[in-house]
Amino acid sequence: MLETENELHKKFWEIFSKQDRQKIDEFKNHMDKFAINFNLYKDGNFIERSLPFDVVPRIISKQEFSKIEKGLQQRVQALNMFLEDLYTDAKIVKEGIVPQEFVEQASGYLKEFKGFSPSKKIRTHINGIDLVKDTKNDEWVILEDNLRVPSGSSYPLSIRDTYRKIYPDFFEQLKIEPIKQYPSYIKGAMNHVNCGGINVVLTPGRFNSAYYEHSYLAQEMDAQLVRAHELEVIDKKVYFKNYNGKRIRVGSIYRRLDDEFIDPKFFNPESLIGVPGIVEAYLAGNVALMNAIGNGVADDKGIYYFVPKMIKYYLGEEPILQNAPTYLPYFKEDMEYVFNNIEKLVIKDVAEAGGYGVLFGHEMSKLQLEDLKVAIKANPRRFIAQELIEFYDEKCYLDKELKDRKADFRAYVVMGEDIKVWQCGLTRYALEAGNYLVNSSQGGGFKDTWVMEL
Amino acid sequence: MEQLLTANVATNLYWLGRYIERTEGTLTQIMVAFDQIIDVNKNAGVELYENFSTELAYDSAQDFLNKAMFGDHSANLTAITGYARENAIISRNHLNAQAFGEIIALHALFQKSSNDLIEIDYKLIDNAHSLISEMWGEISKTEYKRISDYFLRLGQLVEKADFNFRFDENKETGIVIIEEIHKILQSLDEDKVVKVEQKQTQELDYEAIINDIHQRIESLIVN
């Protein structure tokens with residue numbers, strides 16, 4: 001497989017070396033012209049900025065991706081079964097596979113939804129699974145499951161579109177998997193669970209960091225992009241308010257906001273971006289929400305530890321893709337291991353996301369490590385510890401030269417009538433050398449991912 | 001012409017059409033005044049900006065260009081194209097992608113020019129005109145079959161009518177523009193049929209007609 005990889009890279013560099021370097025500026029101008037943005041809030045200010053990107057794609061062989069694909073399908077299927085079970089019979093808890101206390105303390109677990117089963121029993125419609133490739137064994141390792149509102153898919157779609165215009169040679173000469181079909185996957189999933197009516201994408205609005213993506217996907221999926229007050233709930237049914245005052249029934253909502261904000265009548269009463277009454281409509285089975293409410297429990301970093309057990313429990317299979325070696329200080333023996341090895345571990349706060357709350361033991365002073373131990377001891381459920389994975393660098397063309405940067409990979413998996421893995425994904429790289437944090441919200445950049453065959 | 005649209009998108013498309021047309025109309029007027037200031041009428045810029053309710057002072061044709069385009073007044077073109085850019089971002093999922101790109105490029109062009117120390121000249125205005133033409137060209141490819149295009153076109157025509165009224169231009173053209181506006185309004189809301197009788201053309205109360213159009217547009221978009 002390594003030989004294939006090398007051969008694919010060789011083919012890429014053969015073509016790249018013949019390209020005019022000025023085309024890279026053209027690439028950037030094109031991305032700027034189309035305002036392909038990932039906005040930031042810094043010190044309370046809204047900063048509109050284009051997401052830093054690199055023209056050198058990550059290349060994954062079709063053969064290698066095929067294994068990733070099977071592993072992701074297996075994982076998402078198990079996660080969906082876990083959520084459906086957890087909110088209905090909770091057999092996995094009753095049988096002690098996942099400790100009840102662990103579930104109940106997960107901030108994303110919403111006991112109010114116990115007993116409710118969504119349309120077609122699908123909860124994990126759109127999933128962003130973060131992986132890295134371990135240099136020790138050349139295996140892909142799962143770092144995180146994002147089953148709430150994973151973002152980022154529009155960026156590779158946009159960069160690929162630009163790539164094809166500026167560098168058509170690559171696509172003429174190499175066997176690169178096409179990726180345009182991703183919005184149709186989501187559309188298909190929305191149609192599959194639709195409860196009667198049109199499809200809409202619910203956005204918090206223009207000043208959300210991923211507004212570009214909301215707008216892009218809505219357009220590509222032929223769905224209406226709406227803000228909360230453009231929807232109305234009447235008799236437990238959701239309606240789209242057309243410009244002329246007509247009301248059109250909504251059957252499926254791809255919501256781009258968290259549970260907490262989705263309905264001020266049910267969750268946070270101060271939410272201005274939610275739709276009052278939408279939860280009632282959802283519970284009445286009159287509208288599908290993508291993703292389901294309550295999924296946060298499954299992408300809790302603590303629950304992540306149990307995913308391989310879920311795969312065995314629900315599917316009777318061995319996991320195809322492995323988790324990073326993870327320890328739960330909640331378990332006494334794990335706490336002991338964590339305390340004895342804390343300086344070489346990565347400690348994560350389970351309630352945080354987007355690269356926040358991630359502490360690298362090797363970067364901390366003795367005093368900081370002692371303080372961390374005290375915090376872990378006081379609330380062991382709040383933390384997980386992982387072995388530091390030395391994942392591969394990717395070549396990035398930065399400041400007119402090639403540089404190595406740590407890069408992860410977010411794969412997108414869509415569950416509708418079947419489970420589809422997009423033959424692409426978001427490769428995120430750290431802007432500084434040696435940095436392991438690649439998240440866009442941490443200032444990381446992105447690049448295209450090419451699934452290729454010889 | 002079946003197409004769903006939120007009131008917010010409809011409003012933003014309408015204003016996008018207005019701001020782009022306003023930019024184009026202003027640029028045209030600026031070039032006419034610039035030409036006159038050189039050796040015909042030094043006061044042409046002052047007279048032009050009185051129509052925008054703005055007092056403009058300059059000491060040369062070149063200085064006029066700078067102050068007309070980027071001065072601290074309500075007709076500042078960086079600000080106007082900034083509003084257009086915002087409208088385009090909000091309604092981009094109903095816009096042709098190329099047309100969207102031209103709007104972003106237009107604002108970036110003005111922003112860069114207003115920040116640079118280099119002198120502004122006719123090339124900047126030519127570039128801006130080209131971007132605007134390309135934008136309308138891209139939009140016209142759909143032959144104005146979609147409701148979203150109608151709102152954009154409506155904004156463009158209302159602004160044209162406003163310019164026509166403001167600059168006391170050819171009345172016949174004004175009538176044609178207003179008739180086209182009414183056709184679009186009729187298409188968008190068939191319950192509210194509006195007609196302009198030909199016999200009215202000689203004694204047209206432009207201000208009343210434009211106010212009436214504004215009211216109809218307001219009642220057309222239900223927030």
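**Confidence, domains and contacts of the predicted model**

Among the elements of chain B in this predicted model, the lowest mean pLDDT, 87, belongs to helix α9 (residues 206-220) of chain B, whereas helix α4 (residues 77-90) of chain B has the highest, at 97. For chain B as a whole the mean pLDDT is 88, with 91% of its residues reaching 70 or more. Where pLDDT is low, the predicted coordinates should not be read in detail. The scores of the model are ipTM 0.87 and pTM 0.90.

In chain A, the domain assignment gives three segments, 2-177, 298-318 and 401-453, to domain 1, while domain 2 spans 196-286 and domain 3 spans 325-387. A distance of 25 Å separates the C-alpha centres of domain 1 of chain A and domain 3 of chain A, and the contact between these domains takes 13 residues from domain 1 of chain A and twelve residues from domain 3 of chain A. On the side of domain 1 of chain A that touches domain 3 of chain A, helix α12 (residues 301-304) of chain A contributes the largest share, three residues. By class, this side of domain 1 of chain A is made up of five nonpolar, six polar and two charged residues.

Chain A also contains an open sheet of four strands, arranged in the order β14-β17-β15-β16 with antiparallel pairing. Its edges are formed by β14 (326-327) and β16 (358-360) of chain A, each of which pairs on one side only. Strand β15 (residues 345-349) of chain A is joined to β16(A) by three bridges, the two strands running antiparallel. Within this part of the sheet, Ile347(A) has Leu359(A) of β16(A) as its bridge partner.

Conventions: Residues numbered from 1 in each chain as written. Chains lettered and ligands numbered in written order. Predicted model: local features only at pLDDT ≥ 70, side-chain atom pairs only at ≥ 80, totals over all residues. Pairing = 2+ DSSP bridges. pLDDT = per-residue confidence, 0-100. Domains from an automatic or database assignment. Contact = placed C-beta atoms within 7 Å. Nonpolar A, V, L, I, M, F, W, Y, C, P; charged D, E, K, R; others polar.
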